Amino acid sequence: MSTSIQNISLSGRKKEVSNKEMTFMESLYLVAIVKGLMITIKHFFRKKVTIHYPEQTREMSPVYRGRHMLKRDEQGRENCTACGLCALSCPAEAITMKAAERKKGEEHLYREEKYAEIYEINMLRCIFCGLCEEACPKDAIYLTVSKELVPANYDREDFIFGKDKLVMPLEMAIANSKSVN
Ligand code: SF4
Ligand code: SF4
């Protein structure tokens, strides 16, 4: 026996609608209203799933991936060598960069002979997957576990994070190297 395709319900919640006349009780909608109220009252006493953000914030997962940071080494030099592997591995095509050659006298700023003169991440595109971090051969980029989120803004340009927002603060690099020693 073949089943008509129109009779198959994918969700299993399909209901036949009939045009039969309503009874007097049904036409008063009293039962339906009471049923609806009961559902509302039931939800009053349930544990709330919403929180009063920003006054309240949720506990972050220990494996939370936060904002990106471009690391410095223990001498405060930028690790990134502008190889482009992070940009290649990014599924959202969120990373762009421009490489430059390190000049004489800049050895204290950049660890490698080539560095990222411009390094930008479009936070509107980023899905915080962490693939850039995994692809990096220089341990130069990582997604922080800090609770700092990408702030809300009105302009799209404000979501393009350049080196000014991405590079690890020098004080942090110094503090890290002291804690290792
Ligand atoms: S976290 Fe993922 S989406 Fe975001 S920049 Fe890195 S690779 Fe791209
Ligand atoms: S962050 Fe890492 S992968 Fe990306 S350009 Fe710099 S060194 Fe290469």
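Helices (H or I, at least four residues) and strands (E, at least two) are DSSP runs numbered from the N terminus. By this convention, Glu93 is placed in the loop between H3 and S2. The model shown in every view is predicted.

**Figure 1. Overall dimensions and fold of the chain.** The predicted chain contains six helices and five strands. Their order along the sequence is α-α-β-α-β-β-α-β-β-α-α. The radius of gyration is 28 Å, whereas a compact globule of 181 residues would have a value near 16 Å. Along the principal axes, the C-alpha atoms occupy a box of roughly 90 × 45 × 35 Å. Buried residues make up 14% of the 181 residues of the chain.

**Figure 2. The open sheet formed by S2, S3 and S5.** Three strands make up this open sheet, in the order S2-S3-S5 and with antiparallel pairing. S2 and S5 are edge strands, each with a single partner, so one side of each lacks a neighbour in the sheet. Strand S2 (residues 95-101) and strand S3 (residues 114-122) are joined by seven bridges and run antiparallel. Within this pairing, Met97 has Tyr119 in S3 as its bridge partner. S3 is also joined to strand S5 (residues 160-161), in this case by two bridges, and the two run antiparallel. Ile121 stands opposite Phe161 of S5. In general, the strands of a sheet pair through backbone hydrogen bonds, either parallel or antiparallel.

**Figure 3. The largest nonpolar core and the surroundings of Leu70.** The largest nonpolar core comprises 18 residues, and those with the most contacts inside it are Leu70, Cys80, Cys86, Ile95, Cys132 and Ile141. S1 and S3 each contribute at least two residues to this core. The largest share, four residues, is supplied by S3. Leaving aside residues up to four places away in sequence, Leu70 touches Glu78, Cys80, Tyr119, Ala140, Ile141, Lys163, Leu166, Val167 and Met168. Nonpolar side chains tend to be buried together in soluble globular proteins.

**Figure 4. The shell of residues around ligand 1.** Ligand 1 is surrounded by Cys90, Ala92, Ala94, Ile95, Ile121, Cys126, Ile127, Phe128, Cys129, Gly130, Leu131 and Cys132. By class, this shell consists of eleven nonpolar residues, one polar residue and no charged residue. Ile95 and Cys132 of the shell are also among the residues with the most contacts inside the largest nonpolar core. Ile121, another residue of the shell, is the one that stands opposite Phe161 in S5.

Figure 5. Of the 14 residues around ligand 2, Cys80, Cys83, Cys86, Cys136 and Ala140 come nearest. The shell divides into eleven nonpolar, two polar and one charged residues. Cys80 and Cys86, which are listed here, also belong to the residues with the most contacts inside the largest nonpolar core. Cys83 is found in the loop between strand S1 (68-70) and helix H3 (85-89). Cys83 counts as partly exposed because it has 18 C-beta neighbours inside 10 Å, whereas a buried residue requires 20 or more. The C-alpha atom of Cys83 is separated by 53 Å from that of Arg46, and the two residues are 37 apart along the chain.

**Figure 6. Backbone geometry at Tyr29, Tyr53-Pro54 and Glu93****.** Most residues other than glycine have a negative phi, and most peptide bonds are trans. Tyr29 has a positive phi, near 60 degrees, although it is not a glycine. This residue lies in the loop between helix H1 (24-28) and H2. Tyr29 is exposed, since 12 other C-beta atoms lie within 10 Å, and a residue with 12 or fewer is assigned to that class. The peptide bond from Tyr53 to Pro54 is cis, with omega near 10 degrees. Pro54 belongs to the loop between helix H2 (30-44) and S1. Glu93, also a residue other than glycine, has a positive phi of about 50 degrees. Glu93 counts as exposed because it has 11 C-beta neighbours inside 10 Å.

Notes: Residues are numbered from 1 along each chain as its sequence is written. Chains are lettered from A and ligands numbered from 1 in the order in which they are written. This is a predicted model: local features need pLDDT of at least 70, side-chain atom pairs count only at pLDDT 80 or more; totals for chains, interfaces and linings use all residues. A residue is near a molecule or strand if its C-beta atom, placed from the backbone, lies within 6 Å of it. Ala, Val, Leu, Ile, Met, Phe, Trp, Tyr, Cys and Pro count as nonpolar, Asp, Glu, Lys and Arg as charged, and the others, Gly among them, as polar. Two strands pair if DSSP finds at least two bridges between them. The radius of gyration is taken over C-alpha atoms; the globule rule is 2.2 Å times the number of residues to the power 0.38. A nonpolar core is a set of buried Ala, Val, Leu, Ile, Met, Phe, Trp, Tyr and Cys residues joined through C-beta atoms within 7 Å. Two residues are in contact if their C-beta atoms, placed from the backbone, lie within 7 Å.
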